[in-house]
Amino acid sequence: MSHYCDLAPGHPFHGPYHDREYGFPVADDTALFERLVLEINQAGLSWLTVLKKRDAFRRAFEGFAIERIADYGEAERERLLTDAGIIRNRLKVEATIHNAAVIQGLQAEHGSFRAWLDHHHPLSHDDWVRLFRRTFRFTGPEIVKEFLMSTGYLSGAHRDDCPVHARILVAGPAWAQRF
C-alpha cells in the first residue's frame, strides 16, 4: 500500500502540503475551518483535485472568514454553485455555511474552535466521529479522520521514518502530548 509520504515528495501540489501542513498542529480558527472545508470537499474526489482548487476555494469563501460565511444567504449560495473554480456540490456548500455558524457558536462557548477541539481531546476516532456528527454537517468517518490527522489531533499523518514526522513531533501535536 502506498503512503502519502511516498507519493508527496517532489510533487507540485502534494509535496508542499505534505512537507509544511499535513499533521502539524493548527492554532488559528480560520486555518482549522479551511482544513475542515477542504476535507469535506474532498469526499468522493481526489485530494489532488482539492489542492489544485485550494486558491479558488480561498477566493470563493473570502479567505474562509467564518463570520462572513455564517451569514451567507441565497445569493452567496448561488454564486458558489456557479463558481467553476470550486467543487459545486450543494450539500458541501450548505455544510460549509452551516458549519461556519456552528463554529461561531463553539467560539462563543469555548473561546475558539481550537479550544473546543482541545476540550474534547483525546478521543478515539470513533468518539471523534460521533462528536463531529452531532456537531457538524457532512462529517463522516474518513473526513473526521483526515481533518484530525491533518491538524495534529490524531496520529498517522506520516510514517515514523518520514523526515517530516520528526518536525511534527517538535511542533507538539495534540496526539503526542501526555495527559
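This is a predicted model: local features need pLDDT of at least 70, side-chain atom pairs count only at pLDDT 80 or more; totals for chains, interfaces and linings use all residues.
1. Residues are numbered from 1 along each chain as its sequence is written, and side-chain values use heavy atoms, with hydrogens and water left out.

2. The structure holds 15 aromatic pairs (rings of Phe, Tyr and Trp, the last by its six-membered ring, with centres within 6.5 Å; planes under 30 degrees apart are stacked, over 60 edge-to-face, the rest tilted). One of them joins Tyr-17 and Tyr-22, tilted at 35 degrees with 5.7 Å between centres. Tyr-17 is buried at 3% relative accessibility (buried is under 20% relative accessible area, exposed over 50%, partly exposed in between, with a 1.4 Å probe and protein chains only), and Tyr-22 is buried too, at 6%.

3. Phe-57 and Phe-61 form a stacked pair, with 6.3 Å centre to centre and 10 degrees between the planes. Phe-57 is buried at 0% relative accessible area, and Phe-61 is buried at 1%.

4. Now to a helix pair. Helix H6 (residues 74-81) packs against helix H7 (residues 90-110) at about 135 degrees, the axes being 10 Å apart (axes are lines fitted to C-alpha atoms over the stretch in contact, with angles from 0 to 180 degrees between N-to-C directions; helices are DSSP runs of H or I, at least four residues, numbered from the N terminus).

Key. Helices (H or I, at least four residues) and strands (E, at least two) are DSSP runs, numbered from the N terminus.
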